[in-house]
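Visitor: I'm new to reading protein models, and I'd like to ask a few things as we go. Can you walk me through this one?

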Amino acid sequence: MNIVVLVKQVPEIALIKVDTAANRVELPQGPGVVNPFDEFAVEEGLRLKERTDGKCVVMSVGTERTESALRDCLALGVDEAYLLCDEQFNDSDQQALAKILAAGLKKLGAFDVVLAGKQAVDSDAAQVPGAVAANLDVPQALFVKKVEAIGDGKAVVYRTTEDGYDVVELTLPAVISVVKEINEPRLPSLKGKMAAKKKTIVRWSAADLGLDGSGIGVNSTTKTVKVAPPQSRPKGELVEGESPDDIADKLFEKLRNNQII
Ligand SMILES: Cc1cc2nc3c(=O)[nH]c(=O)nc-3n(C[C@H](O)[C@H](O)[C@H](O)COP(=O)(O)OP(=O)(O)OC[C@H]3O[C@@H](n4cnc5c(N)ncnc54)[C@H](O)[C@@H]3O)c2cc1C
């Protein structure tokens with residue numbers, strides 16, 4: 001089975017700042033890390049590879065700096081890495097990004113499953129996997145917590161919902177985004193890290209993908225109107241008292257005064 005995992009390199013979240021005056025997000029310098037949710041997608045890709053005696057590759061839209069994230073995936077046992085990289089890709093919104101990835105997947109050729117994280121922790125849109133499936137015109141199952149069965153041109157997966165989960169049968173090829181409950185990602189071995197350093201990362205430009213700039217980069221359809229940090233929550237209140245009964249009475253009083261009970 002041919003498995004492709006979509007991997008985004010993200011900055012370390014704690015270091016991101018919002019410049020409200022300039023209406024933009026300031027990203028920290030440095031190589032960044034593999035989007036945490038994509039680590040679960042890579043692990044699932046490797047498990048499916050082992051389960052089906054298949055091949056697992058990773059693909060990312062990024063810059064030269066993204067190579068480090070792809071090497072981290074190679075160190076885990078991924079077979080190949082593809083970096084879609086071009087100045088024309090700058091300023092791409094989620095729909096544009098999905099178009100670029102779909103072009104990369106089409107160039108790659110035969111694949112059975114495309115795995116992705118449920119969302120990227122920096123932009124948080126959770127749009128790309130569904131949009132990739134739409135671009136490829138293949139089925140999708142998002143927020144998957146278990147791949148129950150896979151093979152013979154179909155997969156049965158558990159898709160997380162607010163109330164529990166749906167069991168979904170998909171024909172392959174399909175796009176599946178995963179949640180962190182799906183597995184426990186492995187750590188790279190020293191041997192894997194050494195081998196990853198020597199592997200070639202395949203680079204494809206817009207021209208390689210047959211993209212002429214329409215609908216991608218500066219021609220994206222989304223326009224950012226405003227950027228602002230989320231409103232801070234009011235501080236919690238600690239109820240103190242002389243004994244547990246006293247604290248319980250005071251808490252009860254507060255809840256009643258605030259018409260919560
Ligand atoms: C108007 C506009 C302009 C933008 N300009 C820029 C810009 O100049 N530079 C920039 O870096 N960002 C830019 N962005 C943000 C960029 O569009 C998003 O980071 C990108 O589309 C991914 O969206 P997301 O982070 O919400 O991913 P989600 O949809 O939350 O990601 C879900 C999953 O999709 C996969 N995925 C997401 N992104 C990638 C990727 N790059 N490669 C492979 N797989 C991926 C991963 O598996 C991920 O877990 C812009 C956004 C907008 C709206």
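Visitor: Let's start with T66: is T66 buried or exposed?
Guide: Keep in mind that this is a predicted model. T66 sits in the loop between β6 and α2. Buried means under 20% relative accessible area, and T66 has 3% relative accessibility, so T66 counts as buried.

Visitor: Which residues does T66 touch, if we skip its neighbours within four places in sequence?
Guide: T66 belongs to the loop between β6 and α2. Leaving those sequence neighbours aside, the contacts of T66 are Q9, S60 and L83.

Visitor: Next comes helix α2: which of its residues are buried?
Guide: An α-helix has 3.6 residues a turn, so residues three or four places apart point the same way. Helix α2 covers residues 67-76. Its buried residues are A69, L70, C73, L74 and A75.

Visitor: And what is the phi of the residue that follows α2?
Guide: The residue after α2 is G77. Its phi is positive, and the value is near 120°.

Visitor: Which residues other than glycine have a positive phi?
Guide: One of them is D53, in the loop between α1 (36-52) and β6 (55-61), with phi near 55°. D53 has a relative accessible area of 73%, so D53 is exposed. Another sits in the segment after α6 (244-257) and is exposed too, with a relative accessible area of 72%. Its phi is also near 55°, and its name is Q259.

Visitor: What is the omega of the peptide bond from L172 to P173?
Guide: P173 lies in the loop between β11 (165-171) and β12 (174-178). The bond from L172 to P173 is cis. Its omega is near 5°.

Visitor: How about L6: is L6 buried or exposed?
Guide: L6 is part of strand β1, residues 2-6. Not counting residues up to four places away in sequence, L6 touches D38, M59, L101, V114, L115, A116, G117 and V132. Its relative accessibility is 6%, and the cut-off is under 20%, so L6 counts as buried.

Visitor: How many residues are in the largest nonpolar core?
Guide: Those with the most contacts inside this core are V5, V42, V58, V78, L115, V157 and I176. Take V157: setting aside residues up to four places away in sequence, its contacts include A141, V144, V168, L170 and I176. A second, separate core has 30 residues, among them A103, L105, F111 and A206.

Visitor: Now the ligand: which residues come nearest to the ligand?
Guide: There are 29 residues around the ligand. By class, this shell has 12 nonpolar, 11 polar and six charged residues. β6, α3 (94-108), β8 (113-117) and α4 (128-136) each supply at least two residues of the shell. The ones that come nearest are K8, D38, S92, A126 and Q127.

Visitor: How much of the ligand's exposed area does the protein bury?
Guide: An N or O atom in the side chain of N35 is 3.0 Å from an oxygen atom of the ligand, and a polar side-chain atom of Q94 lies 3.1 Å from a ligand oxygen. A125 brings a backbone N or O atom to 3.0 Å from an oxygen atom of the ligand. Taken alone the ligand exposes 950 Å², and the share of that buried by the protein is 80%.

Note on methods:
Residues are numbered from 1 along each chain as its sequence is written. This is a predicted model: local features need pLDDT of at least 70, side-chain atom pairs count only at pLDDT 80 or more; totals for chains, interfaces and linings use all residues. Side-chain values use heavy atoms; hydrogens and water are left out. Helices (H or I, at least four residues) and strands (E, at least two) are DSSP runs, numbered from the N terminus. Buried means under 20% relative accessible area, exposed over 50%, partly exposed in between (1.4 Å probe, protein chains only). A residue is near a molecule or strand if one of its heavy atoms lies within 4 Å of it. A polar contact is a pair of N or O atoms within 3.5 Å; within protein, one must be able to donate a hydrogen and the other to accept it, and residues adjacent in sequence count only if both atoms are side-chain atoms. Accessible areas come from the Shrake-Rupley method with a 1.4 Å probe; for residues, only the protein chains shown count as cover. Ala, Val, Leu, Ile, Met, Phe, Trp, Tyr, Cys and Pro count as nonpolar, Asp, Glu, Lys and Arg as charged, and the others, Gly among them, as polar. A nonpolar core is a set of buried Ala, Val, Leu, Ile, Met, Phe, Trp, Tyr and Cys residues joined through side-chain atoms within 4.5 Å. Contact means heavy atoms within 4.5 Å.
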